[in-house]
Amino acid sequence: MNHPSPSDGREPVVRVEQLVKEFQRRDGSPVKAIDHVSFDVHAGDFLVLLGPSGCGKTTLLRSLAGLETPDAGTISFAGRPQFSPEHGVNVPPEKRGVSMVFQSYALWPHMTAFRNVAYPLQSRKGARISRSETARRVREVLEMVGIPELEHSHVSQMSGGQQQRVALARALVGGDSLVLFDEPLSNVDAKVREQLRVELVSLQRELGFAAVFVTHDQDEAMQLGTRIAVLDSGRLVQLAPPLEVYTQPANRYVASFVGTMNECPGRVTAVKGETAEVETELGTLTGRVSGGLSVGDRAAAMWRPENGTLTTGEPVAANRLRGRVKASLFVGAYTEQVVDAAGRELRVRSAGAALQEHGSEVWVEAAEADTLVMPLEDV
Ligand SMILES: Nc1ncnc2c1ncn2[C@@H]1O[C@H](COP(=O)(O)OP(=O)(O)OP(=O)(O)O)[C@@H](O)[C@H]1O
Ligand SMILES: [Mg+2]
């Protein structure tokens, strides 16, 4: 298939600068759906837009596709302006050269897979594609997404996973260098979703198109993204590869939205270079400074469940907290221990089956190197 590089390598596939979009609520109050967002997407990037419901993911994606008109800012594809109020440019969706896969699939239920997938080729303006070439390309993508046998089946008679494959085939058939996805996997069951993620990643890496993929599911974001853009109320709060978002979250919002975090709030009692000490109701905890901190600031010590250890005897480590086992949950690959420490719930993840008796007294040890000390907004 033809996935032309849209640039000579100098211009990003997508450049978004200072984009703004405001809506009015019913009562007339404004909602900042996109609040001065800037980012680039490069050839081969799989950028995931991650955030909770209402944070502006769909609005941002629809703005890229040309389905939404922003209030300010610019959007360019491979150096060519698509939206630029300053230059009076707002390229219509069908001329932007992007494909989009929707949550609802947006397929024609009474048409066959073949006709659904062929549609973008037949409705294209400009160079006509012959019937035999259309058939060849449609069969090629149906093969690619693993449903060649469904060519003549009607979409209304397909499972959710099969319909999603048809939608993916339709997005890929034109060979566009940018494909946009709006939560396309949220309507299929967990097993099929896992499988489709793997297939999607492998197709994207193989074909080399740039993807912008919207989800509110942090596992999905970690699995799919080459980079994750975390959104909070229309603002872009962190844009980094998954590992960086996970281990060096930009703020507390990112830390607790992506993965599980144990959190002990308190006040900073010492800052020495890269480490800080926080006095909490569960004792003094030490960790890496994350964000600007001074002695006396409100802050929280945070660590992931897999960076904690559960012991019955008192550990020697500085970061140790005493508690009682509230629940011990065997999840297959690991055991999740839920510990009550003076009313605060802490989680520890240990490999394999390591069931603890309910109510037993234990210690939780948090590795200093994996503990973050983050500022807490003053209340
Ligand atoms: N046409 C509209 N009119 C008024 N408000 C809107 C409109 N479209 C979106 N909004 C508001 O803008 C904000 C962002 O909406 P958006 O659909 O982009 O969120 P989202 O991150 O995609 O959420 P979800 O995960 O629920 O799909 C929300 O507060 C939403 O209510
Ligand atoms: Mg949405």
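The following questions and answers concern a predicted model.

Residues are numbered from 1 along each chain as its sequence is written, and chains are lettered from A and ligands numbered from 1 in the order in which they are written. Local features need pLDDT of at least 70 and side-chain atom pairs count only at pLDDT 80 or more, while totals for chains, interfaces and linings use all residues.

Q: Which element gives the largest share of the shell around ligand 1?
A: A residue is near a molecule if its C-beta atom, placed from the backbone, lies within 6 Å of it. The residues around ligand 1 include F23, V31, A33, G51 and H216. Strand 2 (30–41) and helix 1 (57–65) each give two or more residues; helices (H or I, at least four residues) and strands (E, at least two) are DSSP runs, numbered from the N terminus. The largest share, three residues, comes from helix 1.

Q: How many charged residues does the shell around ligand 1 have?
A: Ala, Val, Leu, Ile, Met, Phe, Trp, Tyr, Cys and Pro count as nonpolar, Asp, Glu, Lys and Arg as charged, and the others, Gly among them, as polar. By these classes the shell has four nonpolar and seven polar residues, and the number of charged residues is one.

Q: Is helix 1 largely enclosed or largely open, and how many of its nine residues are buried?
A: A residue is buried if 20 or more other C-beta atoms lie within 10 Å of its own, exposed if 12 or fewer, and partly exposed in between, with C-beta atoms placed from the backbone. The buried residues of helix 1 include K57, T59 and L60. Helix 1 is largely enclosed by the rest of the structure, because the number of its nine residues that are buried is seven.

Q: Why does G73 count as buried?
A: G73 lies in strand 4 (residues 72–77). It touches E17, Q18, L19 and V20, leaving aside residues up to four places away in sequence; contact requires C-beta atoms, placed from the backbone, within 7 Å. G73 is buried because the number of other C-beta atoms within 10 Å is 20.

Q: What distance separates the centres of domain 1 and domain 2?
A: The domain assignment gives domain 1 (14–252) and domain 2 (260–375), with bounds from an automatic or database domain assignment. Taken over C-alpha atoms, the separation of the two centres is 39 Å.

Q: Which residue is the bridge partner of G266 in strand 15?
A: Strands 12-13-14-21-15 form a closed barrel of five strands with mixed pairing; two strands pair if DSSP finds at least two bridges between them. Strand 12 (residues 262–272) and strand 15 (residues 298–303) pair in the antiparallel sense over six bridges. In strand 15, the partner of G266 is A299.

Q: Which residue in the turn between strand 17 and strand 18 has a positive phi?
A: Strand 17 (residues 320–330) is joined to strand 18 (residues 334–341) by six bridges, and the two run antiparallel. One of the bridge pairs is S328 with Q337. The strands form a hairpin with three residues between them, and the turn residue with a positive phi of about 110° is G332.

Q: Is A353 buried or exposed?
A: A353 is found in the loop between strand 19 (344–351) and strand 20 (361–366). A353 touches F330 and T335, not counting residues up to four places away in sequence. Because A353 has 11 C-beta neighbours inside 10 Å, it counts as exposed.

Note on methods:
Contact = placed C-beta atoms within 7 Å.
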